[in-house]
Amino acid sequence: MEDSKLPLALRSNLLDLFGQIEREFENLYIENLELRREIESLNERLTGDGQAVEGGDPTKGALKTKASHSTSQLSQKLKTTYKASTSKGKLGGPRNFSVATWELWGGDSWIVSSFKATTGSRALCQLLKEYVGHRDGIWDLSVTRTQPVVLGTASADHSALLWSIETGKCLLRYAGHAGSVNSIKFHPTEQMALTASGDQTAHIWRYMVQLPAPQPPPDVSAPCDEDQDSSDREEGEVDGEGPCEVPTVRVATATLKSHQGVVIAADWLVGGRQVVTASWDRAANLYEVETSELVHTLTGHDQELTHCCTHPTQRLVVTSSRDTTFRLWDFRDPSIHSVNVFQGHTDTVTSAVFTVGDNVVSGSDDRTVKVWDLKNMRSPIATIRTDSAVNRISVSANQKIIALPHDNRQVRLFDMSGVRLARLPRSNRMGHRRMVCCTAWNEENQSCNLFTCGFDRQAIGWNINIPALLQEK
């Protein structure tokens with residue numbers, strides 16, 4: 001290096017980058033060894049119990065009897081994580097890291113893209129607020145569509161919480177369910193919430209909250225190491241205290257209880273007069289809100305449902321399933337209830353959501369996200385391939401940016417054509433420390449416009465500089 005013609009500043013920058021590369025591979029090496037130890041330990045325990053990792057069925061035995069959503073879904077996620085871990089061991093393990101593997105990772109382009117994502121994410125995606133108080137993982141979250149605008153979270157701790165977006169203070173607790181709360185959605189015009197639960201019911205309940213006085217804006221300029229994948233904290237070890245003394249609602253306005261299995265998701269149809277629920281009994285139900293009457297039972301899926309979503313302006317419903325498909329149900333004509341089946345994934349479809357236009361976006365445990373045109377359903381118009389299973393996705397209404405929550409603790413942003421825009425910052429000190437379960441956009445708020453939640457028991461509010469993000473594309 002002494003005879004180098006490179007300027008001193010450039011040489012210093014290169015040395016710094018190579019140091020980061022060395023630390024990155026060191027982290028991969030350590031993580032690979034830890035994963036191998038965990039897998040061996042798990043296999044020994046399962047072998048001792050006469051079980052196998054691939055043999056567990058969350059719909060049988062005690063799991064079905066108790067309708068324990070958190071245990072069952074963790075069993076499914078364990079399978080996915082196990083497969084991803086062994087795959088990662090083959091790629092990143094010290095014995096198998098070869099020239100062929102280097103090319104499989106994309107050679108030096110992988111390094112360039114990693115550092116490009118790091119610097120870009122730091123400037124365009126900033127963590128604003130953490131919402132801490134649940135005692136177990138958070139499966140779902142959404143933002144109210146009426147004033148006052150608050151954040152709602154649904155957790156495996158059998159509760160749903162409402163939060164002040166600006167202050168991070170818990171405002172209200174719903175404790176009417178006897179099982180894990182798996183989803184939460186808000187009425188389009190009234191102060192009512194819809195929650196789905198492992199107790200085989202969906203609840204509609206009213207809420208009244210008063211927002212606290214606003215706090216000074218946080219300092220979001222501090223730099224961070226976004227791409228460190230190691231975590232020094234154990235599960236559930238989060239900063240802050242739980243909601244000690246908050247108003248609690250314990251009785252639902254209406255209880256919808258026609259399902260014979262875990263109710264995994266629920267949503268309001270346009271207008272808010274009807275709701276749809278999705279269950280592990282392989283059916284979706286349509287109810288009248290005013291009478292709680294069951295109007296239709298939607299059958300056809302071959303395995304458990306994982307999600308349901310309604311169109312923002314039309315009487316359309318989409319249901320997702322472990323049978324690798326999702327179905328579009330059309331209720332616009334009262335006399336005809338047509339259904340279309342979308343095939344294209346090779347593993348569980350974890351969610352499928354509508355955009356404002358004529359598109360559906362689906363995410364899957366097969367590590368892909370697909371964009372579909374409702375007018376041409378034979379094949380997707382775009383496919384996004386990732387390195388980890390995708391959970392409950394969301395699409396921003398105005399700019400149609402897809403937010404992908406992953407099993408590997410990352411959150412990535414893509415446009416509708418499949419171009420990656422950013423990866424949210426993540427390090428030992430910030431971001432999610434466990435599987436990210438759900439994302440939700442809130443474009444009405446200029447500062448906190450994206451929310452994420454995960455099995456580290458916290459929800460996070462982010463500021464995404466959307467104009468700058470699209471300009472850099």
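Strands β19 (349-354) and β20 (359-364) pair in the antiparallel sense over five bridges. Two strands count as paired if DSSP finds at least two bridges between them. Strands here are DSSP runs of E with at least two residues, helices are runs of H or I with at least four, and both are numbered from the N terminus. Four residues lie between β19 and β20, and the two strands form a hairpin. Within this pairing, Val 353 has Val 361 of β20 as its bridge partner. Strand β19 is mostly covered, with six of its six residues buried. Buried means under 20% relative accessible area, exposed means over 50%, and partly exposed lies in between (1.4 Å probe, protein chains only).

The model is predicted: local features need pLDDT of at least 70, side-chain atom pairs count only at pLDDT 80 or more, and totals for chains, interfaces and linings use all residues. Residues are numbered from 1 along each chain as its sequence is written, and side-chain values use heavy atoms, with hydrogens and water left out.

The protein has six helices and 29 strands. Of its 473 residues, 52% count as buried. Contact means heavy atoms within 4.5 Å. Among contacts with a separation of 6 or more, 54% are between residues 24 or more positions apart.

The largest nonpolar core has 25 residues. Such a core is a set of buried Ala, Val, Leu, Ile, Met, Phe, Trp, Tyr and Cys residues joined through side-chain atoms within 4.5 Å. Phe 326, Phe 354, Val 361, Ile 402 and Leu 404 have the most contacts inside the largest core. The elements that give two or more residues to this core include β16 (316-321), β17 (325-333), β21 (368-373) and β24 (402-405). Strand β19 gives the most, with four residues. A second, separate core has 20 residues, including Leu 124, Leu 127, Met 430 and Ile 464.

Ile 402 also takes part in strand pairing. Its bridge partner in β25 is Phe 414. Strands β24 and β25 (residues 411-414) run antiparallel and are joined by four bridges. Leaving aside neighbours within four places in sequence, the contacts of Ile 402 include Val 361, Val 371, Ile 384, Val 395 and Met 416. An open sheet of four strands has the order β23-β24-β25-β26, with antiparallel pairing. Strands β23 and β26 (420-423) stand at its edges, each with a single partner strand, so one side of each is left without a neighbour in the sheet.

The second largest pocket has a volume of about 1,100 Å³. Pockets and cavities are found on a 1 Å grid over the protein atoms alone: a cavity is a set of points where a 1.4 Å probe fits but cannot get out, while a pocket is an open set with protein on both sides within 12 Å along at least five of seven lines. Lining residues have an atom within 4 Å of a point. Grid points are joined across faces, edges and corners, and the volume is the space filled by probe spheres set on the points. Of the 38 lining residues, Arg 145, Pro 312, Val 395, Ala 397 and Trp 441 are the closest to the centre of the pocket. The lining has 19 nonpolar, twelve polar and seven charged residues. Ala, Val, Leu, Ile, Met, Phe, Trp, Tyr, Cys and Pro count as nonpolar, Asp, Glu, Lys and Arg as charged, and the others, Gly among them, as polar.

Strand β27 (436-441) is one of the elements that give two or more residues to this lining. Six of the six residues of β27 are buried. Strand β27 pairs in the antiparallel sense with β28 (residues 450-454) over five bridges. Trp 441 stands opposite Leu 450 in β28.

The loop between β8 (202-206) and β9 (248-249) holds Tyr 207. Tyr 207 counts as buried, at 3% relative accessibility. Its C-alpha atom is separated by 9.6 Å from that of Thr 248, 41 residues apart along the chain. Val 246 lies in the loop between β8 and β9, and counts as buried at 18% relative accessibility.

The peptide bond from Gln 147 to Pro 148 is cis, with omega near -5°. Ser 292 is not a glycine, although its phi is positive, about 65°. Ser 292 is partly exposed, with a relative accessible area of 26%.
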